[in-house]
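Student: I would like to learn how to read contacts and domain packing from a model. Where do we begin?

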Amino acid sequence: MMILYGMPLSGHVHRVQLLLSMLGIDYRFEIVSGPTPELLRLNPLGQIPILCDGDLVLADSNAILVYLAKAYGAGTLWLPDDPVGAARVQRWLSIAAGELRQGPAAARMVALWQRPGEPADACVRAERLLAFMDAHLDGRTFLAARPPTIADLACYGYVAHAPEGHVSLEPYPNVRAWLLRVEALPGFLPMPWI
């Protein structure tokens, strides 16, 4: 059985849980708190999530999403095979690792856990990203393609929980509608609220 190491309140962990649920994959969830010796053995960087699938150990939520989509999502559209579709998904995975992490995720980290080292302008970055997403979603159903892809799952958690970081979603009707479409997908699993 697969093992997923992480914390329930992590958006990075949640994106992996979403795809596991939507693919109908059974797994064991191991809650970790801090860089334990076992965690550091699995990922010397001490970051979560970590997925163990037999002898394979994978760290980095976006890498795990790609692996799961390719290994267990055959015949699905979670990760397109065509070059343009794959590039569009990769663009949003990069946004999830960059602008999303430095905006809504950072604002949430500061508001909830007073985490030092986060960008002082995280709320401004979040609002800039949400305005970009709102314009991008005008006339679109999902971020990278007509069907949902791993790009939507990678971006969902921290956008949905932006209000926990004192970033309102009210000015972004297309983003709010997109969140509802993600939440309506079969196998959707909500991320816990603080």
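Tutor: We begin with one side-chain pair. This is a predicted model, and in it the side chains of Glu-183 and Tyr-156 are joined by a polar contact of 2.6 Å.

Student: Which helix holds Glu-183?

Tutor: Glu-183 is in helix H8, which covers residues 173–183.

Student: Which residues does Glu-183 touch, not counting residues up to four places away in sequence?

Tutor: They are Tyr-156 and Phe-188.

Student: Is Glu-183 buried, exposed or partly exposed?

Tutor: Buried means under 20% relative accessible area and exposed means over 50%. Glu-183 has 33% relative accessibility, so it counts as partly exposed.

Student: Now the domains. What does the domain assignment give for the protein chain?

Tutor: It gives domain 1 as 2–73 and domain 2 as 83–184. Taken over C-alpha atoms, their centres are separated by 21 Å. In the contact, domain 1 takes part with 13 residues and domain 2 with 14 residues.

Student: What is the area buried between domain 1 and domain 2?

Tutor: About 1,100 Å² is buried, and carbon and sulfur atoms give 68% of that area. On the side of domain 1, the residues that lose the most area to domain 2 are Leu-9, Arg-15 and Asn-62, which together make up 40% of what that side buries.

Student: How many salt bridges and how many residue pairs in polar contact are counted between domain 1 and domain 2?

Tutor: The salt bridge count is 0. For polar contact the count is 5 residue pairs, with both residues at pLDDT 80 or more.

Student: Which elements give two or more residues to the side of domain 1 that touches domain 2?

Tutor: They are helix H1 (11–23) and helix H3 (61–72). H1 gives the most to that side, with 7 residues.

Student: How do the residues of that side divide by type?

Tutor: The side of domain 1 that touches domain 2 has 7 nonpolar, 5 polar and 1 charged residues.

How values were computed: Residues are numbered from 1 along each chain as its sequence is written. This is a predicted model: local features need pLDDT of at least 70, side-chain atom pairs count only at pLDDT 80 or more; totals for chains, interfaces and linings use all residues. Side-chain values use heavy atoms; hydrogens and water are left out. Domain bounds come from an automatic or database domain assignment. Contact means heavy atoms within 4.5 Å. Buried area is the accessible area (1.4 Å probe) that two parts lose on being put together, summed over both. A salt bridge is a side-chain nitrogen of Lys or Arg within 4 Å of a carboxyl oxygen of Asp or Glu. A polar contact is a pair of N or O atoms within 3.5 Å; within protein, one must be able to donate a hydrogen and the other to accept it, and residues adjacent in sequence count only if both atoms are side-chain atoms. Helices (H or I, at least four residues) and strands (E, at least two) are DSSP runs, numbered from the N terminus. Ala, Val, Leu, Ile, Met, Phe, Trp, Tyr, Cys and Pro count as nonpolar, Asp, Glu, Lys and Arg as charged, and the others, Gly among them, as polar. Buried means under 20% relative accessible area, exposed over 50%, partly exposed in between (1.4 Å probe, protein chains only).
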